[in-house]
Amino acid sequence: MKLFTINKPKYISPTIKKKGKNLFWTLLFPLIGVLFLVTGSLAGGYPIIGNSITYNSVLITMITVLIACFALNTNLNSGRMDFSLGSVGILACVLAFKTLPDKTMDGFAIIYLLLAVVYGILLGTISGLIFVTLKIPAIVVSLGVCLIFEGFAYVLTDGKGSVDQSGAIAPSLYPLITNPWFMLIIVVGISFFMLLTLKYSKFGHDKLSILFGQKVAVDTGVKEIKNAMICYALAGALIAVYTYIISIYQAKVTISTNLGTAMTVLQNFLPIFLGGLIAKHSNEVIGLICGVFSVTLFKEGLIRFGVDSSTISLITSLLIFVVLTYMVNWTNWVRAIKNKITNYKLSYIKKTKNLKEEEKE
């Protein structure tokens with residue numbers, strides 16, 4: 001007769017464990033971002049969620065950064081650093097605005113957007129053609145293309161350095177882009193499109209094949225040049241949408257020179273790299289969404305807490321360094337930690353064995 005029973009630990013399948021682990025790491029950084037937002041809001045006396053100008057600007061920032069990250073990541077995660085994207089978006093919007101002579105026509109804003117996307121695809125394709133023709137590092141090509149496109153945009157504005165839209169489309173569309181529901185529809189639509197494109201299309205499959213094994217992918221029939229051209233064209237279309245929304249919000253298209261437009265790439269490094277880290281436990285689209293969400297709320301929390309912009313920039317730079325270092329060396333770190341744990345266990349066993357032998361003597 002058994003006087004007691006032994007409770008065996010409940011069996012959990014490896015699949016459930018893996019999904020639970022992936023869910024934990026996917027939601028960890030967004031939760032940290034929410035924590036910073038709540039803490040900063042309470043400390044600074046701001047409402048956590050509201051329909052204020054601050055709330056609308058946070059939402060617009062989050063959505064525009066997400067679109068920019070989708071555009072930048074299209075080439076970046078394939079090993080092509082493209083600093084020309086900012087100039088592509090600006091020149092596309094300037095060309096579209098200048099192409100339409102009648103700024104008062106019905107549906108001007110929609111036509112302007114569609115035309116900007118077309119120009120973005122065209123300019124992105126040109127940038128891609130230069131890259132595949134010259135066959136030199138993408139970063140070198142992008143810097144040269146950036147200077148050329150900046151110069152063209154500056155010339156088209158007769159040296160003014162901006163295109164004023166305050167009397168054309170900004171007044172009518174500004175209330176629309178500050179509507180949270182309208183902006184959420186835009187971001188959901190773009191995210192769904194990117195999910196289908198990157199995860200469930202032949203282009204996305206070929207892109208991943210090249211990323212994880214370029215020689216094998218090419219040997220099995222994947223057309224690398226065609227895939228790269230599609231990446232550049234897609235990035236051009238997305239960055240045109242990003243620049244369009246920013247131009248409406250600011251009521252003008254601002255043109256920077258001397259690689260000033262490269263800041264579009266540099267200022268979005270942290271959400272891109274953090275999104276790449278999260279994507280290891282989900283997928284590319286979800287990773288970018290979570291990365292942008294986390295970084296935007298993190299920065300907003302610091303702003304509401306009273307941290308100045310220069311300090312936030314310094315913190316962001318340090319975090320980029322930490323994330324990049326982790327992404328490059330994480331396997332070495334994990335291996336080193338495991339080795340230390342194993343060595344500690346072995347030394348503990350050896351010490352215990354020696355103590356027992358001494359006690360026997």
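A contact, in this talk, means heavy atoms within 4.5 Å. With that term in place, among contacts in the protein between residues at least 6 apart in sequence, 80% join residues at least 24 apart.

Let me state the basis of these values. This is a predicted model, in which local features need pLDDT of at least 70 and side-chain atom pairs count only at pLDDT 80 or more, while totals for chains, interfaces and linings use all residues. Residues are numbered from 1 along each chain as its sequence is written, and side-chain values use heavy atoms, with hydrogens and water left out.

I begin with the overall picture. The protein holds 14 helices and two strands; these are DSSP runs numbered from the N terminus, helices being H or I with at least four residues and strands E with at least two. Of its 361 residues, 40% count as buried. Buried means under 20% relative accessible area, exposed over 50%, and partly exposed in between, with a 1.4 Å probe and protein chains only.

Next, the interior. In soluble globular proteins, nonpolar side chains tend to be buried together. A nonpolar core is a set of buried Ala, Val, Leu, Ile, Met, Phe, Trp, Tyr and Cys residues joined through side-chain atoms within 4.5 Å. The largest one here has 79 residues, and Phe70, Tyr112, Met194 and Tyr244 have the most contacts inside it. Which residues does Met194 contact, leaving aside its neighbours within four places in sequence? They are Phe70, Thr74, Lys199, Leu234, Leu238 and Val285.

I turn now to charged pairs. The structure holds two salt bridges, each being a side-chain nitrogen of Lys or Arg within 4 Å of a carboxyl oxygen of Asp or Glu. One joins Asp206 to Lys202, with the closest N and O atoms 2.8 Å apart. Because these two residues lie four apart in helix H8 (residues 202–212), about one helical turn separates Asp206 from Lys202. Asp206 counts as buried, at 11% relative accessibility, whereas Lys202 is exposed, at 64%.

Another salt bridge links Arg304 and Glu300, at 3.0 Å from N to O. Arg304 and Glu300 are four residues apart in helix H13 (residues 284–305), so about one helical turn lies between them. Are Arg304 and Glu300 buried or exposed? Both Arg304 and Glu300 are buried.

Finally, Ile136 sits in the loop between helix H4 (108–134) and H5. Ile136 counts as partly exposed because its relative accessibility is 32%.
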